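Reader: I would like to go through this model and ask what stands behind each label. Please set the values against the criteria.

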Amino acid sequence: MAIEIIQPRQRVERVRHTLYFERIAERGSGFALSCDEHGKLLGDQYATAAEREARAAELRADAAFDAPVIQTYRHTYVEPAVGRCSCGCKVALPDPLSNECEDCGRWYNMMGQSKINPHGELARALDAEGSY
Ligand SMILES: [Zn+2]
């Protein structure tokens, strides 16, 4: 029997951009500042947008660097499905075979189908018998 899937498994794509200043004498090295897709500089935990603008102005004025280019980085990952355990709690289903409800200890596969505890007494007995 399968539990209700309250959030389906989904592929998530994250995109970030940097304004990259490449050092002319040492290709492949330089500075990258966080920006949006149009090159507008962004603040983060290390610097405010104004601090980045000041640094970009220094780099633009420095003849050792090429004119900046916008670089785009994309990465994707899969967020696991989340099911509603028969005890009522949410249970994440990232593993193909073994996902445990942290509240009641029931086990499910990634499709939300109930399964026996893979570390429990019944699994050990079936394994010893060669049928599991
Ligand atoms: Zn549960």
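Author: The model is predicted. Among contacts in the protein chain between residues at least 6 apart in sequence, 43% join residues at least 24 apart.

Reader: What secondary structure does the protein chain have, and in which pattern along the sequence?

Author: There are two helices and nine strands, and their pattern reads β-β-β-α-β-β-β-β-β-β-α.

Reader: Why is the protein chain called more spread out than a compact globule?

Author: For 132 residues the globule rule gives 14 Å, and the radius of gyration is 25 Å, well over that value, so the chain is more spread out than a compact globule. The C-alpha atoms fill a box of roughly 75 × 30 × 20 Å along the principal axes. Buried residues account for 14% of the 132 residues.

Reader: How far apart are the C-alpha centres of domain 1 and domain 2?

Author: They lie 45 Å apart. The domain assignment places domain 1 at 10–76 and domain 2 at 80–128.

Reader: What makes β3 and β4 edge strands?

Author: The open sheet has three strands in the order β3-β2-β4, with antiparallel pairing. β3 and β4 (69–79) each have a single partner strand, so one side of each is left without a neighbour in the sheet. From one strand to the next, the twist averages 35°.

Reader: Why is Ser34 called partly exposed?

Author: Buried would take 20 or more C-beta neighbours within 10 Å, and exposed 12 or fewer. Ser34 has 16 inside 10 Å, so it counts as partly exposed. This residue is found in strand β3 (residues 30–35). Its C-alpha atom is separated by 4.5 Å from that of Thr18, 16 residues apart along the chain. Leaving aside neighbours within four places in sequence, Ser34 is in contact with Thr18, Leu41, Leu42 and Asp44.

Reader: Which residues make up the largest nonpolar core?

Author: It has seven residues: Ala81, Cys85, Val91, Leu93, Cys101, Trp107 and Tyr108. β6 (90–93) and β8 (107–108) are the elements that give two or more residues to this core. Not counting residues up to four places away in sequence, Ala81 touches Ile5, Gln7, Pro8, Arg9, Leu93, Met110 and Gly112.

Technical notes
Residues numbered from 1 in each chain as written. Predicted model: local features only at pLDDT ≥ 70, side-chain atom pairs only at ≥ 80, totals over all residues. Domains from an automatic or database assignment. Core = buried A, V, L, I, M, F, W, Y, C linked by C-beta atoms within 7 Å. Helix = DSSP H or I, 4+ residues; strand = E, 2+ residues; numbered from the N terminus. Contact = placed C-beta atoms within 7 Å. Rg over C-alpha atoms; globule rule 2.2 N^0.38 Å. Pairing = 2+ DSSP bridges. Axes fitted to C-alpha atoms, helices over the stretch in contact; angles between N-to-C directions.
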